[in-house]
Amino acid sequence: MDNRALSATAALAPVSQDQLTEWATDLEGRSPLDILQWAAGRFSPRLTFATGFGPEGCVLIDLIGRHQLPIDIFTLDTGLLFPETRDLWSRLEQRYGFTIRGVAPELSVDEQAALHGDRLWERAPERCCEMRKVIPLRRELQQVDAWVTAIRRDQTAHRANALTTEWDKKFDIVKVNPLVRWSKKDVWAHLLRHDVPYNPLHDKGFPSIGCGPCTSAVKPGEDDRAGRWRGNAKTECGLHGPVIPVTSVPEPA
Ligand code: SF4
């Protein structure tokens, strides 16, 4: 299986809302594997999966790997990932025998500091995520007709109404969400049943893991995403949420 190169084949004709509704209705009761197989048959090779190596992402990588589905996989390599996340990335590649592409932002962390000041994530996390995640993601998604995500309905209020297939208004392509109906328990049952590698930080109080500077452990009883951008109103990277206008960057203190 070569899941590395995105195809240069012509883009699909625009998808109507009626078509999307029909797909979402048909796929609502289907398993994540069924949905991935359907997506591969419908969109591959102009189909990609963007993973941040969370537990849900590891489930999808496992399904894609074990069933050899022709789905490109990449991760947004912000330059600020935990060492444990980098190690997991390598372990998954070794386990399934394919490359998970790293997609880097235009500026290195040092270049960003030189241009916008050190530790931008503390002063303007929206701007930092825009440059290090959203713009690189947009660049990748411009090359495909559909992308797979690992979102679940019970993760955030914004994700509660997610469908198995929907139009991604932010990136103007089809979004396929195979795990929307699954619970956190379902995800962990799958990982343990199939002995899928996962991030050891999950066993140390980090249920949701992003960039090192913006992720902290959660206390018992806290929401799973409470450790993301702690102390800031921000709750999403901007990859799945609504379009957020990015204002000017505050000067470093
Ligand atoms: S999660 Fe934090 S460090 Fe990473 S891109 Fe967003 S603001 Fe920057």
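Helix α7 (residues 125-141) gives the shell around the ligand its largest share, 5 residues. Helices here are DSSP runs of H or I with at least four residues, strands are E runs of at least two, and both are numbered from the N terminus. The residues that surround the ligand are L80, W121, P125, C128, C129, R132, K133, C211, C214 and W229; a residue is near a molecule if one of its heavy atoms lies within 4 Å of it. By class, this shell holds 8 nonpolar residues, no polar ones and 2 charged ones. In that scheme Ala, Val, Leu, Ile, Met, Phe, Trp, Tyr, Cys and Pro are nonpolar, Asp, Glu, Lys and Arg are charged, and the others, Gly among them, are polar.

The ligand takes up the space of the largest cavity. A cavity is a set of points, on a 1 Å grid over the protein atoms alone, where a 1.4 Å probe fits but cannot get out. A molecule sits in a cavity if more than half of its atoms lie within 2 Å of its grid points.

Before going further, a word on the basis of all this: the model is predicted, local features need pLDDT of at least 70, side-chain atom pairs count only at pLDDT 80 or more, and totals for chains, interfaces and linings use all residues. Residues are numbered from 1 along each chain as its sequence is written, and side-chain values use heavy atoms, with hydrogens and water left out.

**Overall build**

The protein has 8 helices and 6 strands. Read from the N terminus, its elements follow the order α-α-β-α-β-α-β-α-α-α-β-β-β-α. Of the 253 residues in the protein, 51% are buried, where buried means under 20% relative accessible area, exposed over 50%, and partly exposed in between (1.4 Å probe, protein chains only). Among the contacts in the protein with a separation of 6 or more, 72% are between residues 24 or more positions apart; a contact means heavy atoms within 4.5 Å.

**The nonpolar cores**

Which residues have the most contacts inside the largest nonpolar core? They are F49 and I61, in a core of 40 residues. Such a core is a set of buried Ala, Val, Leu, Ile, Met, Phe, Trp, Tyr and Cys residues joined through side-chain atoms within 4.5 Å. At least two residues of this core come from each of α1 (17-27), α2 (32-43), β1 (47-50), α3 (55-66), α4 (83-96), β4 (146-148), β6 (173-176) and α8 (184-193). The largest share, 7 residues, is supplied by α2. Apart from this core lies another, of 12 residues, including F74, V134, I173 and L239.

Leaving out residues up to four places away in sequence, F49 touches residues including L60, I61, I64, I73, F74 and V148. F74 itself lies in strand β2 and counts as buried because its relative accessibility is 0%. Beyond four places in sequence, the contacts of F74 include T48, F49, T51, I100, V103 and L137.

**Pairs across the sequence**

R139 lies in helix α7, and with 39% relative accessibility it counts as partly exposed. Aside from neighbours within four places, R139 is in contact with V103 and A104. Q68 lies in the loop between α3 and β2 (72-76) and counts as exposed, at 55% relative accessibility. These C-alpha distances put some numbers on the fold:

| Pair | Residues apart in sequence | C-alpha to C-alpha distance |
|---|---|---|
| F74 and T51 | 23 residues | 6.3 Å |
| R139 and F171 | 32 residues | 9.6 Å |
| Q68 and Q37 | 31 residues | 9.9 Å |

**Backbone details to check**

The peptide bond from S44 to P45 is cis, with omega near 10°, and P45 lies in the loop between α2 and β1. R119 is a residue other than glycine with a positive phi, near 55°. R119 is found in the loop between α5 (109-116) and α6 (120-123) and counts as partly exposed, at 40% relative accessibility. D195, also not a glycine, has a positive phi of about 50°. D195 is found in the segment after α8 and counts as exposed because its relative accessibility is 59%.

Terms used:
On a 1 Å grid over the protein atoms alone, a cavity is a set of points where a 1.4 Å probe fits but cannot get out, and a pocket is an open set with protein on both sides within 12 Å along at least five of seven lines; lining residues have an atom within 4 Å of a point.
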